[in-house]
Amino acid sequence: MALAHNLGFPRIGADRELKKALEAYWKGDIDQAALQAVGRELRAKHWQLQKDAGIDLVPVGDFAWYDQVLTHSLTFGAIPERFANTRDNNGRPTLDTLFGMARGASHSCCGAEHSQGQYAQELTKWFDTNYHYLVPEFSLDQRFELSWSALFEEVDEALALGHRVKPVIIGPLTYLWLGKAKGNAFDKLELLENLLPVYAQILSRLAEQGVEWVQIDEPILSLDLPQAWKSAFERAYHILQYSPLKKLVATYFSGLEDNLGLAVSLPVEGLHVDLVRAPDQLHGILDRLPTYKVLSLGLVNGRNVWRCDLENALAQLQLAEERFGDNLWVAGSCSLLHSPVDLDRETKLDAELKSWLAFAKQKCSEIAVLRDALNIPQAPQVQQALAESRTVEQRRAHSPRIHKPAVQARLDAITAADSQRQSPFAERIEVQRARLNLPAFPTTTIGSFPQTASIRLARQSFKQGKLSASEYTDAMHSEIRNAVETQERLGLDVLVHGEAERNDMVEYFAEQLDGYAFTQYGWVQSYGSRCVKPAIIVGDLSRPKAMTVDWITYAQGLTDKVMKGMLTGPVTMLMWSFPREDVSRKVQAQQLALALRDEVVDLENAGIKIVQIDEAAFREGLPLRRAQWQEYLDWAVEAFRLCASGVGDATQIHTHMCYSEFNDVIKSIAAMDADVITIETSRSDMELLEAFEAFDYPNDIGPGVYDIHSPRVPDTAQMVTLLSKAAQRIPAERLWVNPDCGLKTRAWAETEAALINMVAAARKLRAEAA
């Protein structure tokens with residue numbers, strides 16, 4: 001009989017209960033016992049929800065207080081020495097160790113004591129998703145030991161509640177791949193021999209608890225791997241094959257391709273593959289995977305919100321069933337971490353749109369239906385589900401809300417000249433410098449300022465009809481005035497309006513574009529307590545009217561200093577939305593670029609001298625396989641240039657990019673031709689600038705000098721040190737001074753303290769250069 005299982009479930013809760021509990025703990029409003037109670041309640045609720053939906057094996061170990069990679073670092077004892085004072089009296093890590101590694105602080109986080117904390121571990125994107133993980137830090141003399149027992153405690157919890165469990169762990173090769181070697185140069189793969197005994201301990205202990213199957217996630221099998229890493233896979237799993245558990249190696253986010261032979265030959269009992277991202281790999285897997293192994297097919301999309309086409313998925317399953325019979329499992333393509341929790345709560349969606357969607361709870365039911373379609377194909381509930389799926393697919397394909405002829409006509413009219421600035425950068429920058437008249441090392445911020453309780457209350461009251469439009473505008477104007485006055489008092493050179501009116505950097509714009517739809521509770525985790533509610537691209541996209549001009553021009557009217565216009569770029573709008581699946585990403589990016597182009601031109605016409613177009617997700621969109629990179633980079637660069645090139649030479653275009661490894665895409669970043677790029681670099685100790693130095697990046701750069709993801713406030717000397725390192729790589733006349741990212745999630749006290757130090761650092765460098 002086929003079996004239904006799930007690779008992972010969203011941990012935040014339908015009402016973001018985990019987020020709220022974490023932030024209450026960090027503020028000191030609840031104690032650790034109360035926080036732990038919330039975690040237990042969420043785990044129990046989610047296991048039961050999956051069981052009720054028909055999942056046979058529920059995942060355990062997919063819960064994490066901040067990030068699953070960080071949890072593994074604690075489990076393995078890979079804890080940097082700077083966090084030693086957070087351990088307990090027995091030298092074991094604690095929750096405060098975990099939060100210190102993630103945030104540079106644990107709880108009671110307000111006030112000047114932040115500067116006494118340790119800097120957090122580096123944060124970066126989980127493969128090509130918008131989820132972020134904490135990068136493990138490895139030293140040459142790295143030791144691993146089993147140090148954190150959360151996994152075993154959670155297995156006991158699930159077993160006590162009567163569930164059939166499948167613990168989930170990140171595989172040893174993927175864990176090492178995700179980390180960084182610190183200190184003296186060495187090959188982190190050399191640490192494998194020291195790490196494997198800890199894995200053996202974990203597997204043995206799980207077996208003692210009565211576990212039959214364990215899921216070992218090795219998503220790097222979907223990457224282009226060096227031969228040494230491929231060989232290491234064979235060595236590692238031959239050692240682990242003697243552990244007394246059945247092992248399912250899970251791959252996802254792309255196809256196995258050249259790693260297919262390696263994956264099917266590993267001495268494990270099962271293999272999971274992603275047929276949503278790589279449906280063409282099925283035939284090769286059916287030909288080469290031994291039929292005595294379990295084949296798990298990921299057929300329900302774990303990364304989007306559209307309903308599964310059950311008939312198409314069933315056809316793939318039936319093909320596999322001919323070879324694998326009872327050794328066939330059904331699952332989502334990847335963990336449902338990337339999906340909202342429950343569509344049932346979306347009572348305000350219209351019936352047609354809601355019928356097209358599925359969130360994590362519904363996806364579990366789809367997985368169970370596909371299992372039943374194999375095991376009991378004539379069952380009435382199966383036939384009903386298949387008929388309903390067929391109807392939904394047909395109605396969606398022909399819905400008039402999707403296709404807009406005017407949008408398509410504008411796309412067809414695009415010419416090469418539409419993506420070109422009037423003059424090369426070297427000529428533009430001289431015009432801009434004369435017009436802006438900024439000092440050396442100009443200071444600015446990335447855009448947002450703290451979203452206070454009063455801002456959120458005003459927005460909520462406006463949506464509920466408790467505030468009129470004029471009252472809401474007055475409230476936002478008051479917040480903007482405060483932001484402008486604060487920046488002037490602190491001495492910043494280029495100001496922002498603070499984005500008080502914006503709920504989210506994507507949703508704010510999506511709400512004003514035709515072609516998007518929105519949810520009330522469609523939250524997904526980005527990192528830690530940071531959650532986002534992606535908008536859904538339903539149909540062709542266009543801009544009915546200006547979106548930001550009134551707010552930005554109001555702010556500019558409050559000051560004689562330069563005010564930046566702030567927009568979210570087309571690639572980031574796309575990557576941080578749930579996209580359509582009936583047209584390509586390229587087409588959706590072009591539609592967004594044209595809509596944003598109109599906004600950029602309107603800002604210029606309103607007298608705004610600098611427009612920042614954030615492309616925080618530019619690298620995130622890269623396919624995992626290098627052979628597919630250039631196609632993506634070509635259309636992504638083109639989309640940015642299309643939205644930025646409608647202005648004259650005197651208007652300065654900025655862009656911002658979040659934590660990324662830039663080395664492989666630096667040529668394409670340069671091709672975007674932004675006049676200034678700001679990037680997150682502080683956690684990497686300016687290492688990310690190496691790519692810009694090696695490439696001889698020609699345009700201006702603002703490397704982030706402090707980490708906004710941590711409440712810790714670095715002192716002026718630390719910022720001067722970072723800027724001095726930056727100046728060794730980038731000519732000083734091309735350096736800007738700014739935080740890593742927007743300040744939306746921070747409090748005003750720490751924000752002002754950090755910006756005071758940042759301005760002081762810039763002034764010190766100016767004085768030294770004079």
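Let me start with the largest nonpolar core, which has 106 residues; Trp126, Phe144, Tyr175, Leu295 and Leu297 touch the most other members. By nonpolar core I mean a set of buried Ala, Val, Leu, Ile, Met, Phe, Trp, Tyr and Cys residues joined through side-chain atoms within 4.5 Å. Buried is under 20% relative accessible area, exposed is over 50%, and partly exposed is in between, with a 1.4 Å probe and protein chains only.

A word on the source: this is a predicted model, where local features need pLDDT of at least 70, side-chain atom pairs count only at pLDDT 80 or more, and totals for chains, interfaces and linings use all residues. Residues are numbered from 1 along each chain as its sequence is written, and side-chain values use heavy atoms, with hydrogens and water left out.

Helices (H or I, at least four residues) and strands (E, at least two) are DSSP runs, numbered from the N terminus. Domain 1 (1–45 + 264–398) and domain 2 (56–104 + 117–249) both contribute, so the core lies between them; the bounds come from an automatic or database domain assignment. A second, separate core has 102 residues, including Ala510 and Phe618.

Next, helix H4, residues 95–103. How many of its residues are buried? Nine of nine. Their cover includes helices H1 (17–27), H2 (32–53) and H3 (68–75), and strand E4 (132–134). After H4 comes Gly104, with a positive phi near 80°.

Now charged pairs. The whole structure has 43 salt bridges, each a side-chain nitrogen of Lys or Arg within 4 Å of a carboxyl oxygen of Asp or Glu. In one of them, Lys19 meets Glu23 at 2.9 Å, N to O. The two are four residues apart in helix H1, which means about one helical turn. Lys19 is buried at 18% relative accessible area, while Glu23 is partly exposed at 25%.

Glu23 also has a polar contact of 2.9 Å with the side chain of Ser529. That term covers a pair of N or O atoms within 3.5 Å; within protein, one must be able to donate a hydrogen and the other to accept it, and residues adjacent in sequence count only if both atoms are side-chain atoms. Ser529 sits in the loop between strands E15 (524–527) and E16 (530–532), and is buried at 9%.

Last, Arg421 and Asp675 form a salt bridge at 3.2 Å, N to O. Both lie in loops, so the pair ties together parts 254 residues apart in sequence. Both residues are buried.

Conventions
Contact means heavy atoms within 4.5 Å.
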